[in-house]
Every structure is written in structure tokens, then in C-alpha cells.
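My entries follow in the order I made them.

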Amino acid sequence: MKETTIIQGEFLWDGINEEVIPGGAVCIGNGKIQAVGTADEILRFPHNRELEFPGSTLMPGLIDSHTHLSMDAGLDNYLDHMSDPVAVLTLRAAAMMRKDLQSGVTTCRCCGDREFLDIACRNAVQHGEIPGPHLQVATRGIRAPHGHGFVGYPFEGTGQIRKAIRENAAAGADFIKIYITGTLRGERDLPSYLSYEEIKAAVEESHEAGLQITAHCVGGDGLDWALELGLDCLEHVYHIDDRQIEAFASSATRLVLTPGPMLSDERIKLLPEALIPGHIREKEEIRARMKAVIASGKFFAVGTDGNHGELFREVFYLVEMGATPLMALKAATLHGAIIGGIDKKTGSLEPGKEADLIIIEGNPLRDLSALKRIRSVWKSGRQQYVDR
Ligand SMILES: [Zn+2]
């Protein structure tokens, strides 16, 4: 018999239901979830290993829906460090992936990196050469030459943009990322750095290649165009206005929120000096806009934007801004899988999905701080980390 493991906790949250299952258990074999239920039901399955975690909750592995593998938001001047030599960036990415796993993140959606290093990381993880979460990668972020995008590469005009998307697709990108706006309102009030025609070409070319397209986009005309042109997803939306929230709520375009970079004073201090006053000035306005978008009921996922190992902080911010604990936990699990188009594979504890799960001390639906107390992390049925 192949190895089949039953893991029991005090509770189980499957990533879908509003309540935990007391005495929940999961049966895993062949890297997949075989069955989910109460320990009484699950222990009837043939198995050759049993693990028990008293006082703990079994739940789906976390999904960081917006990160950059070689970005370490804990470094002083961390945006400038994105220009480090590629060997340094790649070694950093390997270290960041270990941190992700240890914090319960079993899938990362990587929204742009340097020199296709994210492809190398994804493949090395898939082949078992280095430890890391499942990765969905955008490769080169595409930005305008005069525009924002610390992790982007400049392309000019529809011809260059179409070519860049074809090259990203040929290199193995899982999705396409463009930079439409900057991050702060600043003095020019949110110009779109890409033209309407350029965004339109990017959407057509991505969809022609069978890839989803998302954008760094915080508001202004660019956000209106993104909705009109049918981008699959938008990242950040820090300055979305009320009219746009209404249009967004009824659109098919999805949403990834990243509160930490704007709300965390610790993190703002680590930005390049020139950016700090603007972040301090716009912080409360941005908090109000994110509250409004959460209140609209628009479904969303959440990401750290390079703050590896700290996804729990983003979940706390969501709740602070009005999300229910259930909504915030789904943002960090199932909703991330849906946005990435991988919800048939991961994101919840259901039979047939990859056995991506974490065991945390406490019940996160009652007390979110449980997310900080990681006991054990499993990816595709293999234990990646255990707290000893
Ligand atoms: Zn980012």
C-alpha cells in the first residue's frame, strides 16, 4: 500500500464553510486529499500513518496572491535592492521561498521579477531541487518607459508591448502583468502611463496567448480603461473612487488587495527616502478607499507585495478595515486560488485537490492570531515544515 496519512486536529476549516468541524481530520495519499471529515469518519479509511495535533486547526495552505520572489520588504531601501545583480536576486528568492513555506504559504502568485528568475525558481521547485511554494509567475512586468514599475521593464507602443507579451509567454509565463499607473496620487493625480491603445493591445495579446492579464493600477483614467477593456484582475486599487467601486463591483474583473505597503509604518520607513513623505501623506486616504472597496462586497484575494513570511499581517489589516475573519481567511486561501485559475487544484480542503494544508494552534475563525502559530506545513502531501 502506498503511504496514506491521516492528520487529526482539534478543528478543521475546509476553506469554504463558515464554521470549523470539531474533531476534524484529513486523509492524504499520493500527494492529494483523499477525504475530509470528522476523525471518526476518516479513521475508517485504510492508512499507515496517523498524526495528531491537539489544540490545533487544519486548514488550507495560504496563498500569497501578490508577491515578488526576489523582493525582501524587510531590507532597508528594499525597492532599490531590486537592481542587485541577478545572482544575488536569485539566492534571495530561494531564501524568501523558504520563509514563505515556514509561514504557511504553499502557493505564491508572483507579479513580476527580474531576468525570468521566477521561471527558474518555479521549475526548480517543481523538480524538487529547492524547497518552495507552488508558483505562478508573470516573468517581466511590462511598463511604460516614463512610468512606474520597480519590478517592470520599459516597453513603448503597441508593437513592443505585443512582442514583450509573446516573449513572456514563450518563456513560460503563467500570466501577464502590466503597470498602468503609479502608486501615489502625488501632484499629477494618477495619470495612466500606458495609453488606452497600449492597454487594449496588451489585453488582446495576453488573451490570444491563453493567459490572464493583471495590472498594477490604483485609480484614475487607467482604472476606467482597465474595466472597459476587460482586464482579468487589478492589483492594489489604493485610490479607487466611489463611482469606480460601483463599476468594479459589477464587472468580471477580479481584485487583489495589498494593504501592508501603505499601512505599515515599519514598512514605509524602509522605502527609498524620496517616497516616504508621500506615503505618510496619503496613508489615511488610502485606508478609507480600501475600506470602501471591502464594504462593496467585491470578492478579493490578498498579497504581501514582497513581505515574505508575513501574510498574516495582511489578513489582520483586512479585518481591521471591515472584512469578516471568514472573508479575510478566504482572501488568503480559496479566493487566491480562484483568481489564479487554480481552484480545481488547491485553495481548499476537498478530495482530489493537492494536499496543501497547514496546522495552526487555535481556531482562526475565533482568533486570527492563530495564523502566526504555525505547527506544520504540507505541500502536495509532503511535510515542508514542522515546529519543534
Ligand atoms: Zn508588486
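**Domains.** I began with the division into domain 1 (4-61 + 348-386) and domain 2 (62-340). These bounds come from an automatic or database domain assignment. The model is a predicted one: local features need pLDDT of at least 70, side-chain atom pairs count only at pLDDT 80 or more, and totals for chains, interfaces and linings use all residues. Residues are numbered from 1 along each chain as its sequence is written.

I looked up the distance between the domain centres, taken over C-alpha atoms, and found 29 Å. Next I checked the contacts: 18 residues of domain 1 touch 19 residues of domain 2. Two residues are in contact if their C-beta atoms, placed from the backbone, lie within 7 Å.

Which elements give two or more residues to the side of domain 1 that touches domain 2? They are strand 17 (374-379) and strand 18 (382-386). Strand 17 gives the most, with three residues. I note how elements are defined: helices (H or I, at least four residues) and strands (E, at least two) are DSSP runs, numbered from the N terminus. By class, this side of domain 1 has 10 nonpolar, four polar and four charged residues. Here Ala, Val, Leu, Ile, Met, Phe, Trp, Tyr, Cys and Pro count as nonpolar, Asp, Glu, Lys and Arg as charged, and the others, Gly among them, as polar.

I also looked at the loop between strand 17 and strand 18, where S380 is found. S380 has a positive phi of about 45° although it is not a glycine. Most residues other than glycine have a negative phi. S380 counts as partly exposed, with 18 C-beta neighbours inside 10 Å. The cut-offs: a residue is buried if 20 or more other C-beta atoms lie within 10 Å of its own, exposed if 12 or fewer, and partly exposed in between, with C-beta atoms placed from the backbone.

**Whole protein.** I counted elements next: the protein has 13 helices and 18 strands. The radius of gyration is 20 Å, close to the 21 Å that the globule rule gives for 388 residues, so the protein is as compact as a globular protein of that length. The radius is taken over C-alpha atoms, and the rule is 2.2 Å times the number of residues to the power 0.38. Along the principal axes, the C-alpha atoms fill a box of roughly 65 × 40 × 40 Å. Buried residues make up 53% of the 388 residues. Of the contacts with a separation of 6 or more, 68% are between residues 24 or more positions apart.

**The 6-7-8 sheet.** I then turned to an open sheet of three strands, in the order 6-7-8, with parallel pairing. Strand 6 (62-67) and strand 8 (134-137) stand at the edges with a single partner strand each, so one side of each has no neighbour in the sheet. Two strands pair if DSSP finds at least two bridges between them. On average, neighbouring strands here are turned by 15° against each other, direction ignored.

Is strand 6 buried or exposed? Six of its six residues are buried, so strand 6 is largely enclosed by the rest of the structure. Strand 6 pairs with strand 7 over four bridges, in the parallel sense. I63 stands opposite T107 in strand 7.

Strand 7 (residues 105-110) and strand 8 also pair in the parallel sense, over four bridges. R109 has Q136 in strand 8 as its bridge partner. Helix 3 (residues 117-126) packs on the sheet and touches strand 7 and strand 8. The direction of helix 3 makes about 155° with that of strand 8. Axes are lines fitted to C-alpha atoms, for helices over the stretch in contact, and angles run from 0 to 180 degrees between N-to-C directions.

**N77.** I found N77 in the loop between strand 6 and helix 2 (86-102). N77 is not a glycine, yet has a positive phi of about 60°. With 10 C-beta neighbours inside 10 Å, N77 counts as exposed.

F300 is in strand 15 (residues 300-302). F300 is buried, with 26 other C-beta atoms within 10 Å. Leaving out residues up to four places away in sequence, F300 touches L255, V256, L257, A331 and H335.

Last, I listed the buried residues of helix 11 (residues 311-320): L311, F312, E314, V315, Y317 and L318. Just after helix 11, G322 takes a positive phi of about 110°.
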